[in-house]
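Me: I'm new to this one and would like to learn how to read it piece by piece. Could you walk me through some features?

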Amino acid sequence: MRWSYLFWLVVLAGAAATLFEIKHEVQALEEQLLQAERRIRNERETIEVLRAEWSFLNRPARIERLAREHLGLVPVSPDQIVSVDRLPPRPEDFDRVPVALDSLLPPAKPQQFPGLAVTTVSEAQR
Amino acid sequence: MIGHNRNSARVQRVTPCGRDLGAHQGWVVELDGQAKTALEVGRTRLLVTGFVFALAFLGVAGRLVDLSLFGAAAEPARAAAPSADELRPTRAAILDRNGEILATTLPVASVYANPHEIRDPALAARRLAEALPEVDAGQVAERLAEDRSFVWIKRHVSPREMAAVNRLGIPGVRFQREEKRVYPHGALVSQVVGLTDIDGHGIAGVESAEDGLLADGRTPVELSLDLRIQYILAEELAAAMETFSGIGAAGLVVDAHSGEILSMVSLPSFDPSDPGAASPDARFNRASLGVYEMGSVFKLLTAAMALDAGTVRLTDGYDVTHPIRVGRFRITDYHPIKGTISVPEIIMHSSNIGTVHMAMEAGTERLLAFYDALGLTRAARYELPESGQPLLPSPWREVNTMTASYGHGIAVSPLQLVRAISAVANGGELPPLTLLRREPGEEVATTRVLTEETSRQMRWLMRLVVEKGTGSKADAPGYLVGGKTGTADKLSGSGGYARDKRIASFVGAFPMDDPQYVIFAMVDEPKGIKATYGYATGGWVSAPVVGRVVERIAPLLGIAPRRGDDEQETERRIVPVSFRGIEFAAR
């Protein structure tokens, strides 16, 4: 009889210990979670502050001044805007080298420029 | 043995010691019916209860084993307990149509102290004054010596100041997290965006009109404003205001089809971070709240009405040699013309006499009905409460029809005017104005006020004004600007018109073969300068503003200029068939 008492006593002790262990672990995890949430909130606030600062730095007056001073940009005039179909048709020998050097180089073929999309003159006029 | 069957035969019983029990079964405990039943019942109850408890404990044990051994994969996500901050949502941001932040709420630190914890108030005050520039050491020392547990040192300090105070390490000095409404673009959009009070409630502009949505904090409010266009319009208007020494200016850019307000400028403007310093003039939104007699711009509306009603055709004309007399009143032209001129010429050269003839032929009833349909008789409705109530003569007499036809005697707000011109230029449909961004392609509830044919004819007339008429300075090469100049004398306080005070305005639309946007520019009380030969009319003051603005904003709006052959081709498409090949002389 005494052995069965001992056995159950041990089981009881083991159960209690496990319970406390798990509880402790859960508390630690909850603590970590709260800290992580606090950090996320702080980061979100920082992001909002940075977004406001970015918008402030994007003031059109400031961008205009910087563009003029450092890049030398001026407002575009309508003459500078042209659509592709208004370009004159490409002369046949547009991408050939000058006549004097012609004999030294192989004739220019479309296959030499694999990345280029080549359209014939009649397509461009369409 | 306890209990026996009464009816059983007599059995010889002995005690454990072997003694004979004798005749009377002395060991036997007899139970009568009552006690026996009670015991039986009690025993049953005990068994049942024991059984139930055993089941319960089995269940608990089983669940315990289940949870701890087999994991909690199917457990629902932990519900986060809301903290005090989360319970009150942060006010939402206000953005322009491209996502630029116009107003946002940021966390900001405020420095406070507990005087009971400060050991040396004078020293602490000195060190705090070093770290915080605008703080007076003497005042702070006084406050720190008080017998209170909470005093403000400085509210809404910058992150740098906060770091500096932190570095001091004075015990008793702490930070309180507060929220501050920040306006990154300041005076550029202040009249539209508005202000909030100390408690974070909106008190003007969009902040007040959309207070509910903003307080909700869920999604930012997207306005129809385009910050870049706002800047360009404000810059050009400010330059014109300075050149001509005006006391104010107003401008609008509106999408002619959807009614979205892309830009609303009123100068002078105010800085939202210091609203107390702003004058009432700066807080007044001239573009929406101010009502003005618009002058010659109304001639477009008169012509549209007459053409749509069919009382006049483009090929008709009137004799404008003689001024019109009404009582002691004379209606003359600014630049008198002799002879009969056609309707296009009336508009091109802005003839008052010709316009009055057109209006009188159409009749007062038609004119009033037309104004009503265009929304000129009531304040323009949009999101903000700042919308000027128009001034109309009451009762309306025949002389009022005459003066109203060329824009005098009736005062409307620039918002109303721009909306009416949108209908004239966009094909005849009056759009509802809005400050909130609409999705491209969204259905807009418009009302038809003119036929397409009338609108097409009006487009040509508007183009003529800019091509060859009084509005030639509004032309931006390639963008086919059309419109109408307006110069109106301001009313003086003592009744009648002030001689030297006027409003110079120009309303235009582009590109005229398919108008997409309507632009309005106005300068309040411009004075003539040498370069304009002393003139301060709409054609000299406001038309150039519109021209420059169109040139700068067209690339932003994705409108390509029509060049060379294309330009002539589109010009041809604007001119009505009956007028092709006819050259108009510019007088």
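Me: What is the phi of the residue that follows helix 15 of chain B?
Reply: Helices here are DSSP runs of H or I with at least four residues, strands are runs of E with at least two, and both are numbered from the N terminus. Helix 15 of chain B is followed by B:G407, and its phi is positive, near 85°. Keep in mind that this is a predicted model, where local features need pLDDT of at least 70, side-chain atom pairs count only at pLDDT 80 or more, and totals for chains, interfaces and linings use all residues. Residues are numbered from 1 along each chain as written, chains are lettered from A and ligands numbered from 1 in the order written, and side-chain values use heavy atoms, leaving out hydrogens and water.

Me: How many of the eight residues of helix 15 of chain B are buried?
Reply: Buried means under 20% relative accessible area, exposed means over 50%, and partly exposed is in between, with a 1.4 Å probe and protein chains only. Six of the eight residues in helix 15 (residues 398-405) of chain B are buried, so this helix is largely enclosed by the rest of the structure. The buried ones are B:N400, B:T401, B:M402, B:T403, B:A404 and B:S405.

Me: What do those buried residues of helix 15 of chain B pack against?
Reply: Contact means heavy atoms within 4.5 Å. The buried residues pack against helix 11, strand 12 (324-326), strand 13 (329-331), helix 13 (352-362) and helix 14 (364-373) of chain B.

Me: Let's pick a residue in helix 13 of chain B, B:I353. Is B:I353 buried or exposed?
Reply: B:I353 has a relative accessible area of 3%, so it is buried. Beyond its neighbours within four places in sequence, B:I353 touches B:D319, B:V320, B:H322, B:P323, B:I324, B:I331, B:T332 and B:D333.

Me: And A:W8, buried or exposed?
Reply: A:W8 counts as exposed because its relative accessibility is 56%. You'll find A:W8 in helix 1 (residues 2-57) of chain A. From A:W8 to A:Q35, 27 residues along the chain, the C-alpha atoms are separated by 41 Å.

Me: How do I read two helices crossing, say helix 11 and helix 16 of chain B?
Reply: Under 35 degrees is roughly parallel, over 145 roughly antiparallel, 65 to 115 roughly perpendicular, and the rest oblique. The axes of helix 11 (residues 298-309) and helix 16 (residues 414-425) of chain B come within 11 Å and cross at roughly 40°. That makes helix 11 of chain B oblique to helix 16 of chain B. Helix 11 of chain B brings B:F298, B:L300, B:L301 and B:A304 to the contact, while helix 16 of chain B brings B:L417, B:A420, B:I421 and B:V424.

Me: Which helices of chain B cross at roughly 155°?
Reply: Those are helix 9 (residues 227-243) and helix 19 (residues 543-553) of chain B, with axes that come within 10 Å. Helix 9 and helix 19 of chain B are therefore roughly antiparallel.

Me: How many helices and strands are there in chain B?
Reply: Chain B has 20 helices and 20 strands. Of its 587 residues, 48% are buried.

Methods. Axes fitted to C-alpha atoms, helices over the stretch in contact; angles between N-to-C directions.
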